[in-house]
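Hi everyone, thanks for coming. Let's take a few minutes to look around a structure together.

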Amino acid sequence: MSALYELQGVCMRYGAAEILRGVTLDLSPGSLVTLAGPNGAGKSTLLGILAALRPGFSGTCRFGGRDVRQWTRRALARDVAFVPQSLKVEFPFTAEQVVLMGRTPYCDGLFESDADWREVDRALSLTDAVAFRKRDFRTLSGGEKQRVILAAALAQTPRVLLLDEPTTWLDLRHQIALYQLLRRLCGEGMLVVAVTHDLNLAAAYSDRVILLDGGAVAADAVPGEALSAERIQSVFGVTARVAEADGRQWILYAG
Amino acid sequence: MPVESAPRRRVLTALAVCSAIAALVLLVAPLIGSSSASLPRALAGISPDREVLFELRLPRVILAMIAGACLSLAGALFQALLRDALATPYTLGVSSGSALGAVCSILLGFRLALPFPVHWLGAIIGAALVLGLVLHLGSEGARMSSFTLLLAGVTINSICLALILFLHSFATLMQSFSITRWLMGGIDPVDLKTLASLLAVVVPVAGFVLWKAREWNLLAVGEEWAESRGVDVQWLLRFGYLAGSLLTGLVTAFTGPIGFVGLIVPHALRMRFGADHRLLLPCSLLLGAAFLAICDTVARTVLAPAEIPVGVLTALLGGPFFIWLLRSRRRSLWL
C-alpha cells in the first residue's frame, strides 16, 4: 500500500533548541508504529507535526500527497485524530459531551444527527467507557479520562490515530486492552502512531518501532531489530537484556 | 444500546422556559414603580400615565434587558474563550476603554450638536480603540492564543483604569460627580429609536455568537483540542473577542459598567445545566436580561425617590443567591 505520510528532512527548532533534525520517513496504513526515545528526543513534537498542530517546521510533511499545513482543519480532522496525553477541562462537560466533540468535523449546524450519536456509542463501548458516560469529566480518574479522550478520537472515525503516551494513566488490564484495540484497528486498515515509554508493550504489539534520539531517527525497524540491547544502551543509556519467553521478546532493565 | 436523542429537545425546553421568564419580566416590570400609573389609563392615552409607562419605564426596562442579555452572553463567551470560569465581560479591557472615553468627554466638556449625550460617543470611541489595540497586541506574529489575548487585554485594562484615576484627579467637583456617577453604572430611560439602533447591532452579533455554540464547546476545552477536531481556532478567537467586546462596549457606552451580571448568570446556569454552550449561551442571554431588569426595577423603587446604583443591587441580590446555589450543590464540584 502506498504511504499515507511522507516526511522529508523535517526539522524543528524552538528558539535556539533544535528539537528535530532531518527526520525522513514514510508511514503506511494498516500498521502500528511506536515512537520511542528519551525525554526531549522530539517524539511529541513529531506527533504534533503529523497532527498539523506544529506548523513551524522546515522540510516537508505530506499527508495523502499534500502538505499537512495546506489541509483545512476540518478535512484533516476527518482523517487524522490526535489523542493528547491528558486533558484539563475547566467546565462541567460530561464524558459523553467530550466524546461528542469528536463528531465536529462531520456536523453542520448546531446539533448532532442520530448517526453521530451511534458513533459516540460505538466509541464509548470500544474503550470501555460506557459506565461513566454521564459523569462530569473532571470527576473521572486519570485512566478513565484517558479512555474518554481516546473515545473522542475514535468518534472521529479517522484513518490515522496519533496517540501521545496513551498508557500513562491506565491500569494493567486497560493497557493491554488498549493495545489489543489498537491492533484490531490496524487490522481494519488504520495507521496508528503511538508515543510510548513502555518498550515491552511496544515490542509486543507494534509492527515498527521508530527510536528518536536528540531529534534524529536512531532506529526504524521491526521491534526485534530496533530494540536490541546495544541500541537501548546507546539511546537510553540503560543496560538492558533482551530475553525470550512465551514466544515473545522481553526487555529486562538492569538497575 | 438505543440511540440517544440529540440534546435538541433539552435545549428547546430550556429555551422555552427562559423565554417565558424574560417575557414575564418585560410585561410586569414596567407596571412596578414609585408613582402609580395604571395600564388601562396609559393605553387610553391619558397623561401622565401614558408618558410614565411608555416613555419612561418601558424603554428603561428594555434597555436593562438588552444590557443584561449582552453582558451575560459576553461573560459566558469570554469564559469559554479564556477557559477561565472567573472571566467577566470586563476582563479584556473593552469596558475600561469605554469608561476612559466617557471620562475624557466629560472632562473636555464638548458641546456637540448630537442627538444623544456626548459621553456615549466618547465611550464608543474608547472601546473601539482598546479593541483594536488588544487585537493587535494579542496576535504574536500571525498567531493568537487565549493566553496572549488575556495578557494583552488585562494589561490594557490596567492602563485604562490608571488613566481614569489620573484624569479624575484633575476634575472639578462637578465633573468628578458626573464621572463617579457614570462609573457606578446605571440605566436611564432612552428613546425608542436609540433602542432600535442598539438592537440592530446587538441582535445579529448575538445571533452569530449563538450560531457558533458548538465550536465554543471545543474551544472551552482547549485550543489544540479544537484545532485537531476541525475548528479554525485563529478565526474563532478573533471573532469571539470582537463579538464579546462589541456587545460589552456598546452596552457600557449606554449604561456605564454594571458588574456581576456577566459572572453570575453564566455560572449559575452552568452549575444547573452543565457546560454545553448550545444551552448555556441562549439561556444566559435570556435570564441575564430578566435578572438585570429585576435588579433595575428594585433599584428604582425600594428607596424611591432615591435610586440605588443598579450595579450595587446586582451584587447584593446576586451574591447571596449564588452562595445559596453553591451550598445546595455541595456534593458536586465547586465551580
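At what angle do the axes of helix 4 of chain B and helix 7 of chain B cross? Keep in mind that what you see is a predicted model. In it, the two axes cross at roughly 160° and come within 10 Å of each other. Angles over 145 degrees count as roughly antiparallel, and helix 4 and helix 7 of chain B are therefore roughly antiparallel to each other. Their contact is made on one side by Ala99(B), Ala102(B), Val103(B), Ile106(B) and Leu107(B) of helix 4, and on the other by Gln175(B), Ser178(B), Ile179(B), Trp182(B) and Leu183(B) of helix 7. The crossing of this pair is right-handed.

Now please find helix 6 of chain B, residues 146–168. With 23 residues at 1.5 Å a residue, helix 6 should span 33 Å, and its end C-alpha atoms are 32 Å apart, which agrees. Several of its residues are buried, including Leu149(B), Leu150(B), Ile156(B) and Cys160(B). What do the buried residues of helix 6 pack against? Their partners in chain B are helix 3, helix 4, helix 5, strand 2, helix 10 and helix 11.

Let's finish with the core. The largest nonpolar core has 175 residues, and Val99(A), Leu162(A) and Leu73(B) have the most contacts inside it. Helix 3 of chain B, residues 49–82, gives the most to this core, with 18 residues. If we set aside neighbours within four places in sequence, the contacts of Leu73(B) include Ala206(B), Val209(B), Leu247(B), Leu281(B) and Leu285(B).

Definitions and conventions. Residues are numbered from 1 along each chain as its sequence is written. Chains are lettered from A and ligands numbered from 1 in the order in which they are written. This is a predicted model: local features need pLDDT of at least 70, side-chain atom pairs count only at pLDDT 80 or more; totals for chains, interfaces and linings use all residues. A nonpolar core is a set of buried Ala, Val, Leu, Ile, Met, Phe, Trp, Tyr and Cys residues joined through C-beta atoms within 7 Å. A residue is buried if 20 or more other C-beta atoms lie within 10 Å of its own, exposed if 12 or fewer, and partly exposed in between; C-beta atoms are placed from the backbone. Helices (H or I, at least four residues) and strands (E, at least two) are DSSP runs, numbered from the N terminus. Two residues are in contact if their C-beta atoms, placed from the backbone, lie within 7 Å. The expected span of a helix is 1.5 Å times one less than its number of residues. Axes are lines fitted to C-alpha atoms, for helices over the stretch in contact, and angles run from 0 to 180 degrees between N-to-C directions. Angles under 35 degrees count as roughly parallel, over 145 as roughly antiparallel, 65 to 115 as roughly perpendicular and the rest as oblique. A crossing is left-handed if the near helix is turned anticlockwise from the far one by less than a right angle, and right-handed if clockwise.
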